[in-house]
Every structure is written in C-alpha cells, then in structure tokens.
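Biologist: I'd like to learn how to read helix packing and sheet order in a model. Can you walk me through it?

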Amino acid sequence: MRVLFTPFPASTHVHTQVPLAWAMRAAGHEVRVATQPDVVEDINNAGLTAVAVGEVLDVPATMNPEYTDEPEEIRDEAWLDVLDISETRPEKLTHSHVHGVLTAWTSFVYQNTLPDGTTEELIDFARAWRPDLVVWDTMYYPGALAARISGAAHARLMFGLDLVGLMRGHYLGGLAELPPALREDPLEEWMSRILRRHGREFTEDLVVGQWTIDPVPPSLRLPVDLPSVPMRYVPYNGEATIPGWLRERPRRPRVCLTLGRSFREVVGADRASAGDLLDAVADLDVEVVATFTADQLDPGRRVPGNVRVVDFVPLDALLSTSAAIVHHGGSGTLQTALAHGVPQVVVPARMWCNVPKAHRVRDAGAGLCIDPEDLTPHGLRTALVRVLEEPAFATNADRLRREVAGTPTPADIVPVLERLTAEHRAL
C-alpha cells in the first residue's frame with residue numbers, strides 16, 4: 001500500500017506525523033511525506049522520504065505581513081482576536097460567530113498558507129504516484145483535495161483538540177436552518193473552486209476526513225461525533241542526543257520550564273515572559289531545566305542558581321525524570337506531559353486549542369492554568385508549589401498517563417487503516 005502524509009509546513013506538525021509514518025513504513029508500506037520546502041530537512045532527519053511541493057512558505061512572515069504601521073504586538077493581538085477558533089462553549093457557538101471565524105480562517109489562513117500553486121503541485125504528485133491512503137494534517141487541506149482527485153482514501157490526523165469538527169457541526173446545523181439562498185460556506189466555496197478544475201465536487205469529508213486519527217486521550221476530547229480511530233500519542237522531538245547531566249538522577253524535584261516552538265514558529269514571539277518565569281522559580285528548592293534560547297532571555301539577565309538553561313533537550317527524555325512542567329500549552333508539550341504522567345502548570349498561548357486544552361487538564365485535576373495576562377512571578381510560584389506538593393495532581397496526572405498507555409499505538413492501528421483503505425477501494 002502507498003501512503004502519503006501531508007503535514008502543515010512547521011516542524012511541530014511534522015513531528016506529530018512521524019510515529020505513524022514510521023509505523024506504516026515498518027509494516028512494509030511505501031511512505032512519502034509531501035509539503036512545502038520549509039520542513040524537508042525535518043522530514044529527512046526523521047529518516048522519511050520527502051516530496052517538496054510549492055514555494056517556501058515562511059510561516060511567521062506569512063502570518064504577520066507588514067501591511068500596517070501598527071506596532072507588532074497590536075497586529076498580533078488583532079489577528080488573534082479575529083482567528084480565535086478555540087471557543088468550545090455551546091451557547092457561544094452561534095451561527096454568526098462560527099461563520100465569522102470560519103470565514104476569517106479561510107480567507108486569511110488557508111488561502112495565504114495553502115496557495116493554489118502548492119495545492120496543484122501536490123495534486124499532480126498524487127495523480128502520478130497514486131497513493132492508496134492520504135493522511136493529512138487538519139490544517140493542510142491540499143492533502144484532502146489531492147486524495148479526492150487521485151482517488152485515494154483519506155484520514156485526518158489531529159495534533160490537538162478537534163476544533164474544526166466541533167465548529168463544523170455547529171455551522172452545518174445553522175446553515176440547515178437558513179433558506180438555501182442565504183447559505184454561505186466560505187470553506188466549501190474555496191475548495192470547490194479547486195475541485196471544479198479537476199471535475200470533482202465538494203463533500204464534507206474533505207473538511208473532516210473520511211475518518212479522524214485522534215491522539216488526544218478520550219476523556220479530554222471535545223464532543224464531536226465523527227468516525228474516529230483512537231491512537232496513542234507517541235512523543236517525537238526530532239534529532240536529539242541525551243546530555244550527560246540528564247542521565248543522572250536529579251537530587252531535587254526536577255521542573256521543566258518551556259515555552260515550546262509552535263507559537264514562535266507562527267508569530268515569531270512568545271506570549272509569556274521568560275524573565276517572569278525565571279523569577280517565579282528562583283527561590284524554590286527544585287532543579288529547574290529551562291529550554292530557552294538566547295533570544296528568549298534579556299541580555300545580562302542573571303539566571304538563578306537552581307536553573308539550568310539549555311537551547312534544546314528532548315522533551316520525551318526530560319519529562320521522564322521530571323516532577324512538574326510549566327509550559328505554554330502547545331499540543332506536543334502538553335501531550336508529552338500526559339504520556340509521562342507529569343503534573344502541569346499551563347500558561348496557554350492563545351493559539352488553536354492551547355487554551356481549551358489547558359482548561360481540560362485543569363478540570364481533570366492534573367494541573368493548573370494561568371492566563372498570560374494574569375501571570376506574575378508570585379502567582380506562578382504558588383501554582384508550581386501546589387502541583388508539586390498536593391498529591392492529587394500527581395494522582396490525576398498518573399490516571400491520564402494510564403489512559404494514554406491504554407490507547408492503541410501507531411503500530412496497532414496500521415491494520416485498522418489497511419482495512420478502512422481496502423473498504424474504500426471496494427466502493
């Protein structure tokens with residue numbers, strides 16, 4: 001079987017797809033990973049075969065165009081307000097709200113990051129290579145379009161909560177209540193324009209997949225009623241070497257302090273201050289490992305004596321020795337913490353599902369959540385001491401770890417994907 005993976009062109013999105021791609025490869029299937037050239041090196045470093053399509057995207061520049069004289073922080077907040085897709089409360093998901101969000105995502109994100117030239121090049125490759133199955137990132141619709149036009153089965157691979165599935169469910173319900181003449185679906189209109197060039201028509205599975213591969217633990221998922229294939233989240237951090245100090249057992253409780261990569265990859269900055277985070281842990285009897293780069297720290301700032309600052313360390317290895325983590329809410333970071341049963345203090349960057357994920361971890365009793373606007377060194381220190389000292393946080397984090405461990409691995413779901421693909425081929 002030929003399997004085509006299509007990640008969004010950011011390193012963290014590639015990393016999400018690597019374990020399943022290798023499970024398919026190890027089962028004997030041919031695997032290709034196609035996306036824009038930005039992440040070809042990440043794909044190759046994972047030992048997978050890359051197919052570069054389209055031009056370099058440069059996500060931070062694309063998402064923050066220099067079209068205004070406003071200060072950068074104001075521009076960022078403005079587009080975050082418009083593109084906030086993280087609302088999950090049913091009473092807030094009115095048709096007008098959902099329509100506005102989906103219109104903004106279609107016109108600003110999808111059409112900017114997924115240009116027609118890239119989509120057509122991916123379609124051309126799929127028609128030539130003829131995959132049996134396309135596994136596409138929930139933010140990378142060219143994969144779904146290439147599957148439809150080449151005749152392949154296709155599955156959406158999630159990296160976090162299924163906000164799209166939730167919003168589409170509410171949106172389609174609202175559309176059904178409107179007279180036909182007033183039904184506008186910007187996402188359908190955009191995709192239909194491409195499909196018509198190839199003699200195909202739009203169907204809803206192009207938005208939500210014929211089925212969804214979901215690595216989020218069942219108890220934390222959103223109430224979305226779509227065909228789903230549960231899959232255990234397996235952390236992958238890219239090329240890495242374990243440093244000598246990480247091979248030694250920590251003498252004091254070890255705390256990981258990180259702001260991740262995903263937010264900086266998209267908007268080029270962090271929402272929380274690295275300095276505030278260091279001030280918060282300065283007088284605690286813990287060993288802190290802060291994964292900060294030089295540009296995240298103010299020049300000349302004194303690093304507390306209980307803090308080790310490293311540019312990079314594989315999070316999967318670090319969290320296996322950690323008693324707690326303070327982080328920004330990114331999907332890879334949060335789910336790696338879940339996989340290791342590590343209590344969390346989340347200061348969520350307002351991006352995709354970071355905020356509702358943080359709330360769900362808090363509500364599960366496995367951590368605490370602090371709004372970045374309310375972040376103070378004292379408040380963070382208090383929250384960190386609580387998750388370290390109150391046993392309930394470790395107990396609930398371990399409960400979620402056992403839930404993750406009980407979910408089928410990427411290798412376990414390969415036969416499921418083979419069967420679903422064969423059923424599609426038989427139609």
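Modeller: Helices (H or I, at least four residues) and strands (E, at least two) are DSSP runs, numbered from the N terminus. This is a predicted model, where local features need pLDDT of at least 70, side-chain atom pairs count only at pLDDT 80 or more, and totals for chains, interfaces and linings use all residues. Residues are numbered from 1 along each chain as its sequence is written, and side-chain values use heavy atoms, with hydrogens and water left out.

Biologist: Which residues in α6 meet α7?

Modeller: On the α6 side they are Thr-119, Leu-122, Ile-123, Ala-126 and Arg-127; their partners in α7 are Pro-142, Gly-143, Leu-145, Ala-146, Ile-149 and Ser-150.

Biologist: And how do I describe the packing?

Modeller: Two packed helices are described by the angle between their axes and the distance between the axes. Axes are lines fitted to C-alpha atoms, for helices over the stretch in contact, and angles run from 0 to 180 degrees between N-to-C directions. Here the axes of α6 (residues 116-129) and α7 (residues 141-150) come within 9 Å and cross at roughly 40°. That makes the pair oblique (under 35 degrees is roughly parallel, over 145 roughly antiparallel, 65 to 115 roughly perpendicular, the rest oblique).

Biologist: In what order do the seven strands lie?

Modeller: Strands pair through backbone hydrogen bonds, either parallel or antiparallel. Two count as paired if DSSP finds at least two bridges between them. In this open sheet the order is β3-β2-β1-β4-β5-β6-β7, with parallel pairing. β3 (50-52) and β7 (228-230) each have a single partner strand, so one side of each lacks a neighbour in the sheet.

Terms used:
Contact means heavy atoms within 4.5 Å.
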